[in-house]
Amino acid sequence: MVQTTDIPVMALKEQIIENHSEFLESLRHRFLDDDRTAALQRFEKLGFPTKKDEEYKYTNLKEITEKGYNFFPKESHNITKEQLEELHLGEENFDWITFVNGKLRKELSKVSIENVEFLSFNYALNDEKHRDIFDQYFNTIASDKSAFTNLNQAYCKYGFFLKVPKNVVIEKPIHVFYISQNQEENTFYNTRNLLIVDEGAKVEIIESHHNFDSTYVLTNSVTEIFTYPNAKADWHKVQNDNDTSYLIDNTFAKQEKDSLTTVNTFSFGGKLVRNNLDFIQNGSNINSFMNGITIIGKDQLVDHHTAVHHNQPNCESYQNYKGIFSGNSHGVFNGKVFVDKIAQKTNAYQQNNNVLLSEGATIDTKPQLEIFADDVKCSHGCTVGQLNEDALFYLRARGISKKEAQALLLYAFANDAMQNIDIEPLKEKISKLLAEKLEVDIEF
């Protein structure tokens, strides 16, 4: 049985405004106070989006906003290394960074990376010498975007800052765990990540969130990625949390010339997940990749909203999202591509394909192009359907059970969205999660 919060029922917006002064007083250094207060005022003016807002037409947030939350999570925990190992992808050669109840836990982390600047966001906030970093980067691409990004700016405290210097290549992927445990009340986290990949540098990040409690967790995350000339940044999001978890994920990527940035989003768990992904191309010869695989059931909802801003010529973007829906689950995809009038020779591809496995499952999909240049190659499309009956019959005629035949066909359906993953343990994990969601015991 899911526990309920003891916090009196109060609209979440009111809780946010009421708790802000106490939150500011809990911080050691206050050099962002004016920014935070201004962000809170913008949030207060905007309010949470409703289904009357075009961007949230198919996603009802009432389930989230009508609950009470604790804004000050208890730091105590009893997470063991064995429990953490169960969350790993088998990545013995990886580095990993573990946050429990918002706090960086060095004893549960393994960081061997050298020649980089790495800090927990909370530590960076408490150190005046990093003020120039905040002045230069903080909120520069997430600014004023939505109620959720403003809310994050007002309340952000947890997360990490990583700067990879010029020409430094980080060979090992870094897995970042966000874990919530021992919270007796519903808990609200506003995590903030800042990744700066300098000229010629390279890094791969894996991010996952895990709620160990039966109380609800709402995570409002903002990630800002800056990829400089000839640099490469890959960010893989593994979303496989429990049924008492809500995630609003806001990711912004700003790229300079000749850079490559990839964001892969694998959504399997969580009661309600909203992914807002914004790419800004700020130079020529840029490549931007967005891939997603969603496999959900019961009454889960996963909503992907993407946008690519082609602002300079000779750039490419590639979006490929696959969805598999069963039970009474609901999927949403809205992908936008904007091509500026000076962005000639743009090559933009966008595709969203979906399979419905039950009558109760639904998908709302809307690919969009806004093109103001004339020398471009841009395509978009979406499909919604069921499994191919002829292919299913072919496999079953060869002695393969119906569930296993479905799993094979669905794996083939989703596979091309995994093609650019060069981390074998991650690819194997996604394959295993697919099998688990389809309730089959099969090795791919």
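Modeller: Lys237 is buried, and so is Glu207, where buried means under 20% relative accessible area, exposed means over 50%, and partly exposed is in between (1.4 Å probe, protein chains only). These two form a salt bridge, with the closest N and O atoms 3.0 Å apart; the term stands for a side-chain nitrogen of Lys or Arg within 4 Å of a carboxyl oxygen of Asp or Glu. The pair links distant parts of the chain, since Lys237 sits in strand 10 and Glu207 in strand 8, 30 residues apart. Strands and helices here are DSSP runs numbered from the N terminus (E, at least two residues, for strands; H or I, at least four, for helices).

Bear in mind that this is a predicted model, so local features need pLDDT of at least 70 and side-chain atom pairs count only at pLDDT 80 or more, while totals for chains, interfaces and linings use all residues. Residues are numbered from 1 along each chain as its sequence is written, and side-chain values use heavy atoms, with hydrogens and water left out.

By the salt-bridge rule the count comes to 16. Another of them joins Glu63 to Lys271, with 2.7 Å between the closest N and O atoms. Glu63 lies in helix 3 and Lys271 in the loop between strand 12 (260-267) and strand 13 (272-281), so this pair ties together parts 208 residues apart in sequence. Lys271 counts as buried because its relative accessibility is 13%, whereas Glu63, at 29%, counts as partly exposed.

Then there's Lys366 with Glu54, a salt bridge whose closest N and O atoms are 3.4 Å apart. Lys366 belongs to strand 19 (residues 362-371) and Glu54 to the loop between helix 2 (33-46) and helix 3 (62-65), so parts 312 residues apart in sequence get tied together. Lys366 is partly exposed at 34% relative accessibility, and Glu54 is partly exposed too, at 48%.

A cavity is a set of points on a 1 Å grid, over the protein atoms alone, where a 1.4 Å probe fits but cannot get out, and lining residues have an atom within 4 Å of a point. That lining has 23 residues, with His209, His210, Val217, Thr219 and Asp241 nearest the centre.

Definitions and conventions
1 Å grid on protein atoms, 1.4 Å probe; cavity = no way out; pocket = protein on both sides within 12 Å on 5 of 7 lines; lining within 4 Å.
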